[in-house]
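Please look over the sequence and the structure before reading on.

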Amino acid sequence: SNKREWQLGKTKVFLREALEQKLEKDRDEELRKAAVLIQARVLGYMARKKYKVILSSVVTIQKNYRAHFFRRIHLRLRAAVVIIQKHHRGQLARKLYKQLLEEKRLEEERKRREEEERRRREEEEKRRREEEEMKRQQEEELKRRLEEEERLRREEEAIREKEKLEAELLARQEELQKQTLQEEEIKDLDAEESQQMAEIVRLEREIERLQQQKENGISVCDSTHNEVNRKRDEEIQRLEKEASRVAQEFLEQLDFGNLDEYGNSLDQSQSSDGNFSAEESRLVAPLAEEEE
């Protein structure tokens with residue numbers, strides 16, 4: 001049936017009327033669609049171009065409006081900030097002014113107190129110096145009294161010591177008289193006992209000599225009196241300790257069954273000045289030289 005509606009020639013195509021009209025109709029429809037598409041594209045392009053212009057205008061309007069709006073807000077805020085700063089700076093200035101006034105008042109008060117304190121210290125220092133002067137005078141007076149009392153006490157002690165030594169000397173003389181009767185009994189003592197007894201005699205003689213020097217030296221000047229007395233007292237104590245030690249050793253060596261005989265022998269040995277005079281002079285001399 002299709003071949004009846006159209007036919008191919010050598011150079012042309014032969015169509016029937018109905019088919020030609022149908023083809024023309026389809027061609028017109030395709031042309032219309034192409035035209036509509038072109039119009040749509042052109043109208044879309046124009047619409048987009050117009051939209052862009054409008055959008056740019058809207059953005060410009062918004063920008064200007066927002067700039068105006070925020071400018072007004074900024075101006076109001078700046079005015080408010082200026083007012084706040086003004087009040088705050090005024091408050092700080094008033095506070096600083098009050099602080100300076102308070103510092104000035106405190107400084108004046110401090111100076112006034114320092115002046116009062118200085119005057120008070122000067123008065124106290126003056127009173128303290130007066131009290132120290134009075135105290136020093138009292139101490140000097142008391143010291144003079146104590147020195148006078150000490151001097152009197154030493155003189156009394158020297159007198160009592162002299163009396164005591166005199167009494168001991170008398171007692172020893174009596175004992176020596178008794179010892180003369182028993183001179184033969186001490187010959188049995190060995191050489192060590194004799195030496196110990198001689199040492200005791202020497203120490204007693206040295207004590208007596210120092211006591212005599214102490215009695216004779218009471219009139220020494222006050223500047224050297226105390227030092228001399230101290231040295232003599234130390235020497236006397238040392239000699240007494242040494243005498244006690246030697247006597248103790250001697251007593252330990254004694255036979256307590258014949259204690260009376262040894263006591264009498266000791267008294268007899270003290271009476272024999274001639275036998276021990278050379279040894280006593282030899283032992284006493286170094287001590288005297290050491291004291292000088």
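Which residues are linked in a network of salt bridges? The network joins Glu 109, Arg 112, Arg 113 and Glu 116. The model discussed here is predicted.

**The chain as a whole**

- The chain contains 6 helices and 2 strands.
- Read from the N terminus, these elements follow the order α-β-β-α-α-α-α-α.
- Of the 292 residues in the chain, 16% are buried.
- The chain exposes about 24,100 Å², and carbon and sulfur atoms supply 53% of that area.
- Where residues at least 6 apart in sequence are in contact, 80% of these contacts join residues at least 24 apart.

**Salt bridges**

- Side chains of opposite charge can pair when their charged atoms come close.
- The structure holds 28 salt bridges, and three of them are described here as examples, beginning with the pair formed by Arg 27 and Glu 24.
- In the salt bridge between Arg 27 and Glu 24, the closest N and O atoms are 2.7 Å apart. Both residues belong to helix 2 (residues 17-179), where they are 3 residues apart, about one turn of the helix.
- Arg 27 is partly exposed because its relative accessibility is 43%, which lies between the limits of 20% for buried and 50% for exposed. Glu 24 is also partly exposed, at 33%.
- Arg 145 forms a salt bridge with Glu 141, and their closest N and O atoms are 3.6 Å apart. These two residues of helix 2 are 4 residues apart, so about one helical turn separates them. Glu 141 has a relative accessibility of 31% and therefore counts as partly exposed.
- Arg 151 forms a salt bridge with Glu 155, with 2.8 Å between the closest N and O atoms. Arg 151 and Glu 155 are 4 residues apart in helix 2, so they too are separated by about one helical turn.
- Arg 151 has a relative accessible area of 32%, so Arg 151 is partly exposed. Glu 155, at 25%, is partly exposed as well.

- The buried residues of helix 2 are Leu 19, Gly 44, Ala 158, Leu 165 and Gln 179.

**Gln 211, a buried residue in helix 3**

- Gln 211 lies in helix 3, which covers residues 191-216.
- Is Gln 211 buried or exposed? Gln 211 is buried, because its relative accessible area is 6%, and the limit for a buried residue is under 20%.
- When neighbours within four places in sequence are left aside, Gln 211 is in contact with Glu 161, Leu 165 and Ile 236. One of these residues, Leu 165, is also among the buried residues of helix 2.
- Gln 211 and Glu 161 are 50 residues apart in sequence, while their C-alpha atoms are 7.8 Å apart in space.

Technical notes: Residues numbered from 1 in each chain as written. Predicted model: local features only at pLDDT ≥ 70, side-chain atom pairs only at ≥ 80, totals over all residues. Heavy atoms only, no water. Salt bridge = Lys/Arg side-chain N within 4 Å of Asp/Glu carboxyl O. Buried < 20%, exposed > 50% of the residue type's maximum accessible area, 1.4 Å probe, protein only. Contact = heavy atoms within 4.5 Å. Areas by Shrake-Rupley, 256 points an atom, 1.4 Å probe, with all protein chains shown as cover.
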